[in-house]
Amino acid sequence: MTREIIGAIAISLVAVVAALIFFSNRSLRKAQEASLPEPSGGLSANDAIAGFYVSTVFAQSPLKRVWAYGLGGRGKALLSVSETGVVIERQGERSLLIEASQLTAATRASATIDKGVERDGLLVLLWQLGDEELATHLRIVAKSQRKIFEEKLTEVLGVEIG
């Protein structure tokens, strides 16, 4: 009988912690959505490159993830560049268009808030959303595809990878 009580208490404790995390995350997302305008959505082009959306963080606070508008989760994505900007078509989330006028710089990195990769394995797009500068981290595993994507950024949008 004692084991059953201890087991029930442990399961209840896990459920309470999970609920606290869920409600804390939801309130943080709502607060960020109140202070940030909603980013544009877009559809990727036929020549989209398969990659991963890793994270979006505040550029001035690189350990502070942006949860607003579904930007908190990472996953597979199709990435494309056009004159309008960079389209990130994420699986299971709404697509994100970083408009050409919002894009301020691009660089490479080896790590972000919860992901570390080989040297310069992440492409970081710095962009302006309202009054906030954000940094979106993308990962294109195949070096040849990464090079094509970076060349398109430079050719189409005039963004040099720093």
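Analyst: Let us begin with accessibility. A residue is termed buried under 20% relative accessible area, exposed over 50%, and partly exposed in between (1.4 Å probe, protein chains only). Arg-29 has a relative accessibility of 28% and therefore counts as partly exposed. The model is a predicted one, in which local features need pLDDT of at least 70 and side-chain atom pairs count only at pLDDT 80 or more, while totals for chains, interfaces and linings use all residues. Residues are numbered from 1 along each chain as its sequence is written, and side-chain values use heavy atoms, with hydrogens and water left out.

User: With which residue does the side chain of Arg-29 meet in a salt bridge?

Analyst: A salt bridge is a side-chain nitrogen of Lys or Arg within 4 Å of a carboxyl oxygen of Asp or Glu. The partner of Arg-29 is Glu-33, at 3.6 Å from N to O. Both residues lie in helix H1, four residues apart, which is about one turn of the helix. Glu-33 has 23% relative accessibility and so counts as partly exposed.

User: How are helices and strands assigned, and how many of them does the protein have?

Analyst: They are DSSP runs, numbered from the N terminus: helices (H or I) have at least four residues and strands (E) at least two. The protein has two helices and ten strands. In order from the N terminus, the elements run α-β-β-β-β-β-β-β-β-β-β-α.

User: How many salt bridges does the structure hold, and which parts does the pair of Arg-94 and Glu-38 tie together?

Analyst: The structure holds six salt bridges. The side chains of Arg-94 and Glu-38 meet in one of them, at 2.3 Å from N to O. Arg-94 lies in the loop between strand S4 (85–90) and strand S5 (96–99), and Glu-38 in the loop between H1 and strand S1 (49–58), so the pair ties together parts that are 56 residues apart in sequence. Arg-94 has a relative accessible area of 43% and is therefore partly exposed.

Asp-47 forms a salt bridge with Lys-152, with 2.6 Å between the closest N and O atoms. Because Asp-47 lies in the loop between H1 and S1 and Lys-152 in helix H2 (residues 143–157), this pair ties together parts that are 105 residues apart in sequence. Asp-47, at 41% relative accessibility, counts as partly exposed. Glu-118, Arg-139 and Arg-146 are linked in a network of salt bridges.

User: How is a pair of aromatic rings described?

Analyst: Such a pair is described by the distance of the centres and the angle of the planes. Rings of Phe, Tyr and Trp (its six-membered ring) pair if their centres lie within 6.5 Å; planes under 30 degrees apart count as stacked, over 60 as edge-to-face and the rest as tilted. A search of the whole structure finds one aromatic pair. The rings of Phe-22 and Phe-23 have centres 5.2 Å apart and planes at 75°, so this pair is edge-to-face. Phe-22 has 48% relative accessible area and is therefore partly exposed; Phe-23, at 44%, also counts as partly exposed.

User: Over which ring does the charged end of Lys-64 sit?

Analyst: A charge sits over a ring if NZ of Lys or CZ of Arg is within 6 Å of the ring centre and within 35 degrees of the ring normal. The charged end of Lys-64 sits over the ring of Phe-58, 5.2 Å from its centre. For Arg-90, the ring is that of Tyr-53, with the charged end 4.9 Å from the centre.

User: Where does Tyr-69 lie, and is Tyr-69 buried or exposed?

Analyst: Tyr-69 lies in the loop between strand S2 (61–65) and strand S3 (75–82). Its relative accessible area is 11%, so Tyr-69 is buried. Phi of Tyr-69 is near 55°, a positive value in a residue other than glycine. Asp-120 has a positive phi of about 60° although it is not a glycine, and its place is in the loop between S8 and strand S9 (122–129).

User: What is the mean pLDDT of the protein?

Analyst: The term pLDDT denotes the predictor's confidence in each residue, from 0 to 100. The mean for the protein is 91, and 100% of its residues reach 70 or more.
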